[in-house]
Amino acid sequence: MNRNFKLSIVFVWCLIIFTSCADAAVHISANPIDGGNSLRFGRVDGSMRVNKTVRLRVTSDEGKQYQIYQRLQDPLVNEQHVYLGEQTLTTYAVSGSNASGTLYAQSNEPLGASDQLVFTSSPDGSSDTVTLDYLINSDRINSSGNFIGRIAYTVRSLAGGSQDQALINVDLDAAGTFKASVRGAKHFDRVYLESSQRALTQDGIKIAFEGNFRDELKVYQETRDFPTNEQGEKIGPDSVQFFVTGQGAGNIRPAPEGLGYKRELLYQSREEKNELVVNFMINPQKTAHLKAGLYRGRIVVIIDSSHGVQEFTLDLEVKIDPVFDIEVILPSQGVRFTRVLPTDPPQTQEVTVKVISNLGKSYVVMQNVASALVTPKGDEIKERYFLLKAELINNSSGKIQSSEFVPVGVGEKSIFYSDRDGSSAEFKVIYRLSSYPEIAAGDYGVPIIFSLGEM
């Protein structure tokens, strides 16, 4: 064999060895069982348990033992740049899915950014398959939105040979766990309002929700039992007013409105979360006629969303404090007649009396005149020339004792009787002084006291 032929054989042998070494490799592929090249969990909310499966296939002609690792290459993040909560995406290797070798990661564990050993092949590095399951723990979802990330699968030869990597995109539409709470602003399970002469209390209902999946959400209010006292008497419509305050976007009812019998839409939006307050207050113009006492009712808040309808019931209590009061509006100088002369025409003075009562009991207004109408020197007016009468005003009910002029007289006497319901009333008392020839010229006055008493 000549020298050139030997060199040719050596060259071909080296070429065969080099080509064989160059072609020897290990490869990995990752394919979701559902098809496609992405792991799509779709829409996930708090009531769902969603899992997906990926099959890994490794081909190797190196004859060397290899290992498979997985990690979260790109963390799952939504359009608001919020990262999916830790331990939301978990994974485990399906037992028996491999033909040989050793399968690891068979317990359900969170998938993180560090390499997680999944599989070690047989010593001869035979080609094999591994199946991995992925689970979304919806109760760990911390925000809603469309989350996107990537999982990396890496195969490495243990003897320092080649390695390969496959990537799979992961996406899910997360609604989070929808939570709603409704409670009283001052008392957990009730709204309490009180009307007194000192002040009018205000109270409210706090409404909060989170985890709404960008779907339309509506909040309603309905008065199931209108506040009623022990006698079965109800407060009237519009006796209680309400308005809504809140943060963020959404349609609310910011102007005070009367609480009625029908269902009221308080709020409507597609916000993921929000906090609202329904503010309640007494309308004094509508409660002035109410009897004193405690009026009890029930109010229901309804939250209607894609997660279903939730109802929250709170007590509504309206306390009307007892009021039994009299107000007397005198002329600026009091009941006083100045510069009286025998030739003067009759002079009059008016006193307005207002009674406010919600006790539901009849009452009487008394007048107490301490003495006759006199001058500072002690000159007295004859009784028949100092007269009074009374008139109801402002559509008041009740009975006037003297609708025609009668002598005022000295001492205490009744001048007004309420109706039998003890309704508030307003009337005026007109005092008239007539001159006569023997009258002493001068200024005349007298102290008059009005009092209020139950019958």
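In the predicted model, strand S17 is joined to strand S19 (residues 264–269) by 2 bridges, and the two strands run antiparallel. Within this pair, Asn-251 stands opposite Gln-268 in S19. Both strands belong to an open sheet of 6 strands, whose order is S13-S22-S21-S15-S19-S17 and whose pairing is mixed. Strand S17 (251–252) is one of the edge strands of this sheet, and strand S13 (190–195) is the other; each pairs on one side only. Strands of a sheet pair through backbone hydrogen bonds, in either a parallel or an antiparallel sense.

S15 pairs with strand S21 (residues 293–305) in the antiparallel sense, over 8 bridges. One point of this pairing is Thr-228, whose bridge partner in S21 is Arg-296. S21 in turn pairs with strand S22 (residues 308–320), again in the antiparallel sense, over 13 bridges. Arg-296 also takes part here, with Glu-317 as its bridge partner in S22. S21 and S22 form a hairpin, with 2 residues between them.

Strand S15 (residues 217–228) also contains Gln-221. Gln-221 has a relative accessibility of 1% and therefore counts as buried, the cut-off for that class being under 20%. Apart from residues up to four places away in sequence, Gln-221 touches Phe-242, Leu-259, Lys-262, Arg-263, Glu-264, Leu-266, Val-278, Phe-280, Ile-299 and Val-300.

At the level of the whole chain, the model contains 2 helices and 33 strands. The C-alpha trace spans about 175 × 40 × 25 Å along its principal axes. The radius of gyration is 46 Å, whereas a compact globule of 455 residues would have a value near 23 Å. Buried residues account for 44% of the 455 residues. The chain exposes about 23400 Å², of which carbon and sulfur atoms supply 48%. Among contacts between residues at least 6 apart in sequence, 73% join residues that are at least 24 apart.

In soluble globular proteins, nonpolar side chains tend to be buried together. The largest nonpolar core in this model holds 35 residues, and Phe-41, Ile-68, Tyr-134 and Tyr-153 touch the most other members. Strand S11 (residues 163–176) gives the most to this core, with 5 residues.

Ala-93 lies in strand S5. Ala-93 has a relative accessible area of 2% and is therefore buried. With neighbours within four places in sequence left aside, Ala-93 is in contact with Leu-103, Tyr-104, Ala-105, Gln-106, Thr-131 and Leu-132. Between Ala-93 and Ile-33 the separation is 60 residues in sequence, and the C-alpha to C-alpha distance is 14 Å.

Two loop residues have a positive phi without being glycine. Gln-87, with a phi of about 65°, is found in the loop between strand S4 (66–77) and strand S5 (89–93). The relative accessible area of Gln-87 is 41%, so this residue is partly exposed. Asn-395, with a phi near 60°, is placed in the loop between strand S27 (386–392) and strand S28 (399–400). Asn-395 has a relative accessibility of 84% and so counts as exposed, the cut-off for that class being over 50%.

The chain averages a pLDDT of 89, and 93% of the residues score at least 70. Over residues 5–22, however, pLDDT stays under 50. For this segment the model has 2 contacts beyond four places in sequence. Where pLDDT is low, the predicted coordinates should not be read in detail.

Terms used: Residues are numbered from 1 along each chain as its sequence is written. This is a predicted model: local features need pLDDT of at least 70, side-chain atom pairs count only at pLDDT 80 or more; totals for chains, interfaces and linings use all residues. Side-chain values use heavy atoms; hydrogens and water are left out. Two strands pair if DSSP finds at least two bridges between them. Helices (H or I, at least four residues) and strands (E, at least two) are DSSP runs, numbered from the N terminus. pLDDT is the predictor's confidence in each residue, from 0 to 100. Contact means heavy atoms within 4.5 Å. A nonpolar core is a set of buried Ala, Val, Leu, Ile, Met, Phe, Trp, Tyr and Cys residues joined through side-chain atoms within 4.5 Å. Buried means under 20% relative accessible area, exposed over 50%, partly exposed in between (1.4 Å probe, protein chains only). The radius of gyration is taken over C-alpha atoms; the globule rule is 2.2 Å times the number of residues to the power 0.38. Accessible areas come from the Shrake-Rupley method with a 1.4 Å probe; for residues, only the protein chains shown count as cover.
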